[in-house]
Amino acid sequence: MMLSQPRVLLAMARDGLVPTSFFGAIHDKFRTPWKATILTGVFVAAMAAFLPLRILAELTNIGTLLAFVIVCTAVLIMRRTNPDAERPFRAPFVPLVPILGILSCLLLMFSLPVENWYRLFIWLGLGFIIYFGYGRHNSVMAKFGQLKLVSRL
């Protein structure tokens, strides 16, 4: 996950959701998002130093499962709202596979301890604060006036 997080932050920076000057910085020699990689390493090290492994594992599990629920839901929504869009890959047996994906991930999420749900909601709250405080106003879509169009869907 430490390898993917700097790439996610880089993509978010390119979309204007986080500051491009920091998260979009690419190393001249190695062509990697070096500042985001260092920040991710420091954050993960701090979390590992101060939280028990069980809590870290549960946070990772619930976050990943929620991401899968969102992706499966997005497949269903996009197939309904934009059926003729060009897709570089195909999902088999839609809507059965996305629905089974949502249900199985939710089942696993609900098997986690309730305190993990509190942590998830706090983490989501921080994400909403960042989005509504910075990302929504600085996003590429907002700059081109497309945010209002997307929010109507």
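Visitor: How much accessible area does the nonpolar patch on the surface have together?
Guide: In this predicted model, the patch is formed by Met2, Phe43, Val44, Ile122, Trp123, Leu126 and Ile129. By the Shrake-Rupley method with a 1.4 Å probe, the accessible area together is about 720 Å².

Visitor: Which helix supplies the largest share of the nonpolar patch?
Guide: Helices are DSSP runs (H or I, at least four residues) numbered from the N terminus. Helix 3 and helix 6 each supply at least two residues of the patch. The largest share, four residues, comes from helix 6.

Visitor: Is phenylalanine 43 buried, partly exposed or exposed?
Guide: Phenylalanine 43 lies in helix 3 and belongs to the nonpolar patch. Buried means under 20% relative accessible area and exposed over 50%. Because its relative accessible area is 40%, phenylalanine 43 is partly exposed.

Visitor: Which helix gives the most to the lining of the largest pocket?
Guide: About 1700 Å³ of space lies in this pocket, and among its 36 lining residues, Gln5, Val8, Leu9, Phe43 and Trp123 are the closest to its centre. A pocket is an open set of 1 Å grid points where a 1.4 Å probe fits, with protein on both sides within 12 Å along at least five of seven lines, and lining residues have an atom within 4 Å of a point. Helix 1 (4-14), helix 3 (34-50), helix 4 (53-81) and helix 6 (114-138) each supply at least two lining residues. The most, 11 residues, come from helix 6.

How values were computed:
Residues numbered from 1 in each chain as written. Predicted model: local features only at pLDDT ≥ 70, side-chain atom pairs only at ≥ 80, totals over all residues. Heavy atoms only, no water. Points joined across faces, edges and corners; volume = space filled by probe spheres on them. Patch = residues over 30% accessible without salt bridge, like charges linked within 9 Å, V, L, I, M, F, W, Y side chains within 5 Å. Salt bridge = Lys/Arg side-chain N within 4 Å of Asp/Glu carboxyl O. Buried < 20%, exposed > 50% of the residue type's maximum accessible area, 1.4 Å probe, protein only.
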